Amino acid sequence: MRDHDSVHRPLSRRVLLAASAALLSQNTERGIAATVEREQIAAVERSDGLEPPLTLGIAKVVLQPGAMARAAIPLGARMIAVESGVLAVAVASTVAEPLSAKEFSLLAPESDLNDELFVPAGTTITFGSRGVTTVRNPGARSVVALDVVVYREEPRPMARAFTTEEGVSFQLLASAHATEAPPGRVAVTLERVRLGALAALPADLSVGLTLARVDAGTIEVRPAAGEVFAARAAASAPYSMPGSLEPISAGTAREVTAGGVVFLPMGSSSVIANPRQRPADLMTLAVRETA
């Protein structure tokens, strides 16, 4: 397998390993066990790869009983994790026309009930070659789902939050645009990570192409190589919307609290750690070359 990041990675890995070792040494001296817990939510492999530029997005979607919405994206990778209720998902072999987040809410065509997948709470469904056309709530209680996408699109503004008269609510939790992507076959992975007191994010999640959202607690970000970006939360509260991504100056550290976002483009790396005693929870979306 060819190293897709051979120009940048040797420096970034050395810096990351040295910084992680120093942090581990400090924790050992203080008698602290730096625990890291990882849970894979979903993964999608694309044998034909993903052509940049790419849009990466993590959103929370709520559908009231009977609500339906168009939910198509250009061909890419998609993961839908249903947190409550039962979601009906209509699929097609291909999706040619891109739709923005705002268009997600517009009037939807009738779903083909013979080609719907019913996804109950606690279940995650993934899409690669097949695309989603519509989603609807066929039940009597609200549906809450996490909608995660990586697809080819030129950078453009995205609607951050809206609610429609039809009963669809959309909230963008994290997003970024990438001008480069790993070549060839790729794996797109969504994980939940809990960092214990003074623990560092594993090295494989601390390099690009990675989008991370802080769900709880505080992390400290120290760029090691390339450009590293962060966005502060609009409010220190669950599901608060982040501001704009801004670069972190080399040689500095920035704290990112709950609701904030960190983005590592290709060729970048960073030491990301929990500087507090309270655990920090993150959701990470990573795109990696695979064999």
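Reader: Hi! Which element gives the largest share of the lining of the largest pocket?
Author: That would be β11, with five residues in this predicted model.

Reader: Nice. And which residues lie nearest the pocket's centre?
Author: R160, S175, A176, H177 and L245 do, out of 18 lining residues.

Reader: How much space lies in there?
Author: About 390 Å³.

Reader: What's the lining like by class?
Author: There are 10 nonpolar residues, six polar and two charged.

Reader: Switching to the largest nonpolar core: which members touch the most others?
Author: L56, I58, L211 and L285, in a core of 31 residues. Strand β11, residues 168-178, gives the most to this core, with four residues.

Reader: What does L211 touch, leaving out residues up to four places away in sequence?
Author: Its partners include L56, I58 and L285, and also A174, S175 and A176. V261, V262 and F263 are among them too.

Reader: What lies apart from that core?
Author: Another core, of 22 residues, including V82, V89, V91 and V143.

Reader: Okay, aromatics. How many pairs does a search of the whole structure find?
Author: Two. In one, the ring centres of F162 and F170 are 5.2 Å apart and the planes sit at 10 degrees, so the pair is stacked. Both F162 and F170 are buried.

Reader: And why is the F229 and F263 pair called tilted?
Author: Because their planes are at 35 degrees, with the centres 6.4 Å apart. F229 is in strand β15 and F263 in strand β18, so the pair ties together parts 34 residues apart in sequence.

Reader: Are those two buried or exposed?
Author: F229 is buried, at 17% relative accessible area, and F263 is buried as well, at 4%.

Conventions. Residues are numbered from 1 along each chain as its sequence is written. This is a predicted model: local features need pLDDT of at least 70, side-chain atom pairs count only at pLDDT 80 or more; totals for chains, interfaces and linings use all residues. Side-chain values use heavy atoms; hydrogens and water are left out. A nonpolar core is a set of buried Ala, Val, Leu, Ile, Met, Phe, Trp, Tyr and Cys residues joined through side-chain atoms within 4.5 Å. Buried means under 20% relative accessible area, exposed over 50%, partly exposed in between (1.4 Å probe, protein chains only). Helices (H or I, at least four residues) and strands (E, at least two) are DSSP runs, numbered from the N terminus. Contact means heavy atoms within 4.5 Å. On a 1 Å grid over the protein atoms alone, a cavity is a set of points where a 1.4 Å probe fits but cannot get out, and a pocket is an open set with protein on both sides within 12 Å along at least five of seven lines; lining residues have an atom within 4 Å of a point. Grid points are joined across faces, edges and corners, and a volume is the space filled by probe spheres set on the points. Ala, Val, Leu, Ile, Met, Phe, Trp, Tyr, Cys and Pro count as nonpolar, Asp, Glu, Lys and Arg as charged, and the others, Gly among them, as polar. Rings of Phe, Tyr and Trp (its six-membered ring) pair if their centres lie within 6.5 Å; planes under 30 degrees apart count as stacked, over 60 as edge-to-face and the rest as tilted.
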